Amino acid sequence: MASLATLTRRKRNFEPENFLATMGVGRKVVAFPKKEIVFAQGDAADSVFYIREGKIRLTVVSTIGKEATLGLLSEGDFFGEGGLAGQPLRMGSATAMTDCELLRIDKKAMMEALHRENQFSDMFVAYLLARNIRYEEDLVDQLFNSSEKRLARILLLLAHFGKEGVPETVVPKISQETLADMIGTTRSRVSFFMNRFRKLGFVDYGDSGLKVHSSLLNIVLHD
């Protein structure tokens with residue numbers, strides 16, 4: 001089996017959107033305005049989505065009605081792939097955080113593409129491995145880091161620090177309630193830390209959203 005490094009190189013040399021555009025039947029471009037639900041928990045898991053533009057929030061609701069954020073995704077990410085592994089129903093919900101343009105791929109068409117196109121299959125495996133690593137990092141972060149460090153890490157991830165290319169330093173408007181939910185603390189604690197970050201020059205507020213500076217890494221890296 002190819003190493004993760006090899007898979008990552010293949011991903012860099014492969015343009016998934018160009019391939020997906022040639023798939024023909026079983027795919028279509030769909031638009032979702034901000035706050036619209038793409039799919040809800042319990043819906044049939046009959047398709048996979050690829051984000052062409054915008055940001056998506058993944059959530060899950062417990063049996064007692066408590067909602068938790070699983071992740072925030074952006075351009076170039078896939079979601080809703082659980083059906084490929086045999087899940088008949090959606091385990092969570094997906095909601096547009098901004099105006100979104102998505103490529104909806106039927107489960108059958110996606111399975112055929114993965115079997116037919118080795119490069120696409122390798123890229124998709126590399127993507128799933130990388131996201132699984134992210135989930136493990138999130139768990140470690142939740143278990144061992146302070147709420148201040150968790151907030152700093154989430155803001156840096158939202159701003160794409162650490163990803164290839166130029167960081168997207170402006171984070172689309174996101175409520176403090178959502179941030180509190182994501183890091184497992186209260187809104188008042190998030191407000192306290194955000195004010196502290198602003199006074200220290202780590203973040204700025206503007207009309208276009210929250211601007212995150214690379215200096216915020218000091219919070220994450222400081223012991």
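**Strand pairing, cores and helices in the predicted model**

Strand β4 (residues 56-61) is paired with strand β7 (residues 93-96) in the antiparallel sense, and four bridges connect the two. Within this pairing, Ile-56 lies opposite Ala-96 of β7. The model examined here is predicted. A further antiparallel pairing, of six bridges, links β4 to strand β5 (residues 67-73). In β5, Thr-69 stands opposite Thr-59.

The protein as a whole contains eight helices and eleven strands. It has 223 residues, of which 42% count as buried. The exposed surface comes to about 12400 Å², with carbon and sulfur atoms supplying 54% of that area. Among contacts with a separation of 6 or more, 71% are made by residues 24 or more positions apart.

Ile-56, already placed opposite Ala-96 in β7, also belongs to the largest nonpolar core, which has 31 residues. Ile-56, Phe-78, Phe-79 and Leu-102 are the residues with the most contacts inside this core. When neighbours within four places in sequence are left aside, the contacts of Ile-56 include Val-38, Ile-51, Gly-71, Leu-72 and Leu-73. Phe-79, Ala-94, Thr-95, Ala-96, Met-97, Cys-100 and Leu-102 are also in contact with Ile-56. Apart from the 31-residue core lies another core, of 25 residues, whose members include Leu-155, Ala-180, Ile-183 and Val-190.

Cys-100, one of the contacts of Ile-56, is located in strand β8 (residues 100-106). The relative accessible area of Cys-100 is 4%, and because buried means under 20%, this residue counts as buried. Neighbours within four places in sequence aside, Cys-100 is in contact with Val-30, Ala-31 and Phe-32, as well as with Glu-53, Gly-54, Lys-55 and Ile-56. The C-alpha atom of Cys-100 is separated by 9.8 Å from that of Lys-35, a residue 65 positions away along the chain.

Strand β8 takes part in an open sheet of four strands, in the order β1-β8-β3-β6 and with antiparallel pairing. The edge strands of this sheet are β1 (27-32) and β6 (78-79), each of which pairs on one side only. Between β1 and β8, which run antiparallel, there are six bridges. Leu-103 in β8 is the bridge partner of Val-29.

Helix α6 (residues 176-183) has eight residues, six of which are buried, so the helix is largely enclosed by the rest of the structure. The buried residues of α6 are Gln-176, Thr-178, Leu-179, Ala-180, Met-182 and Ile-183. Ala-180 and Ile-183 are among the members of the 25-residue core. The buried residues of α6 pack against strands β4, β5 and β10 (203-206), and against helices α4 (118-144), α5 (147-158) and α7. Just after α6, Gly-184 has a positive phi of about 75 degrees.

Helix α7 (residues 187-199) consists of 13 residues. The distance from its first C-alpha to its last is 18 Å, close to the 18 Å expected at 1.5 Å a residue. Val-190, Phe-193, Met-194 and Phe-197 are buried in α7. The buried residues of α7 fall within an arc of 105 degrees when seen down the helix axis, so they line one face of the helix. An α-helix has 3.6 residues a turn, so residues three or four places apart point the same way. Ser-188 and Lys-199 are exposed residues on the face of α7 turned away from its buried side. Following α7, Gly-201 has a positive phi, near 85 degrees.

Strand β10, against which buried residues of α6 pack, pairs with strand β11 (residues 209-212) in the antiparallel sense over four bridges. Tyr-205 is positioned opposite Leu-210 in β11. Strands β10 and β11 are joined by a hairpin through two residues.

Technical notes
Residues are numbered from 1 along each chain as its sequence is written. This is a predicted model: local features need pLDDT of at least 70, side-chain atom pairs count only at pLDDT 80 or more; totals for chains, interfaces and linings use all residues. Side-chain values use heavy atoms; hydrogens and water are left out. Buried means under 20% relative accessible area, exposed over 50%, partly exposed in between (1.4 Å probe, protein chains only). Contact means heavy atoms within 4.5 Å. Accessible areas come from the Shrake-Rupley method with a 1.4 Å probe; for residues, only the protein chains shown count as cover. Two strands pair if DSSP finds at least two bridges between them. A nonpolar core is a set of buried Ala, Val, Leu, Ile, Met, Phe, Trp, Tyr and Cys residues joined through side-chain atoms within 4.5 Å. The expected span of a helix is 1.5 Å times one less than its number of residues. The arc is that of the directions from the helix axis to the C-beta atoms.
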